[in-house]
Amino acid sequence: MKPSVVTIEPGHFCSDCAVRASAVCSSLDAAELREFEHLGRRVHFGSGETVFSEEDITTSFYNVLEGVMRLYKLLPDGRRQIVGFALPGDFLGMNISGRHNFSADAIGAVTVCQFAKAPFGRFIESRPQLLRRINELAIRELSQARDHMVLLGRRSADEKVATFLLGWRRRLLALGGSLDTVPLPMSRQDIADYLGLTIETVSRTFTKLERHGAIEILHGGISLRDPARVEALAAA
């Protein structure tokens, strides 16, 4: 894990934010946005840098603007369980305990909008529409966590990898991604730690899917050659 050496962008405008329509602030009107943009600051993290660590006291919340983050917990025996991957528009850091319940690292360059906890809390108190939006995002996160629990359960390696690829493609499509080409910025080890598999099993499964004509392995991603076959595996 690299120490965080970040750069901070001194000023920004919510009106030019590329992810505003899908972000936590989408419920705010123009006047509220002008006030809201004074609460946040854009912070840039390099590849491998830590955005926040598990069990640290929560002092800030984060709205992902650019890039991908790995979210993970370290098990008592030192193994890593990746619990998710954050994409632009995702809102991170809110929890009941007051401490982060997982760690977040940058996969490649990442830009976030960082909000100090106390001012953000005061801002939302009189804005029920923002609270509703936060609840919507929390419910979506809970649904993703439940899906992940099922994925880690009684499913074969083929089914796990197929489900991951389709779910990742679905999330990228919502951000305007391609239907057939699926970028995979995370490593095979990241995917293995997310699916509860070994890296060797993940690599063999990718090769098997390619050999059967379901996917084509590309540099930095895959191409879905036979989406129906992949969907059938995921639905098994």
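Predicted model: local features only at pLDDT ≥ 70, side-chain atom pairs only at ≥ 80, totals over all residues.
Residues are numbered from 1 along each chain as its sequence is written. Local features need pLDDT of at least 70, side-chain atom pairs count only at pLDDT 80 or more, totals for chains, interfaces and linings use all residues, and side-chain values use heavy atoms, with hydrogens and water left out.

Student: At roughly what angle do the axes of H4 and H6 cross?

Tutor: H4 covers residues 157–174 and H6 covers residues 199–211. Helices here are DSSP runs (H or I, at least four residues), and strands are E runs of at least two, numbered from the N terminus. Axes are lines fitted to C-alpha atoms, for helices over the stretch in contact, with angles from 0 to 180 degrees between N-to-C directions. The two axes come within 10 Å and cross at roughly 75 degrees.

Student: Which residues of H6 make the contact with H4?

Tutor: Contact means heavy atoms within 4.5 Å. H4 brings Ala157, Asp158, Val161 and Leu165. From H6 come Thr201, Thr205, Phe206, Lys208 and Leu209.

Student: Are H4 and H5 roughly parallel or roughly perpendicular?

Tutor: Their axes lie 11 Å apart, at an angle of about 110 degrees. Angles under 35 degrees count as roughly parallel, over 145 as roughly antiparallel, 65 to 115 as roughly perpendicular and the rest as oblique. H4 and H5 are therefore roughly perpendicular.

Student: Which residues of H5 make the contact with H4?

Tutor: On the H4 side are Lys160, Val161 and Phe164. The H5 side has Ile191, Tyr194 and Leu195.

Student: Is Glu55 buried, partly exposed or exposed?

Tutor: Glu55 sits in the loop between S3 (50–52) and S4. Its phi is positive, about 75 degrees, although Glu55 is not a glycine. Buried means under 20% relative accessible area, exposed over 50%, partly exposed in between (1.4 Å probe, protein chains only). At 47%, Glu55 is partly exposed.
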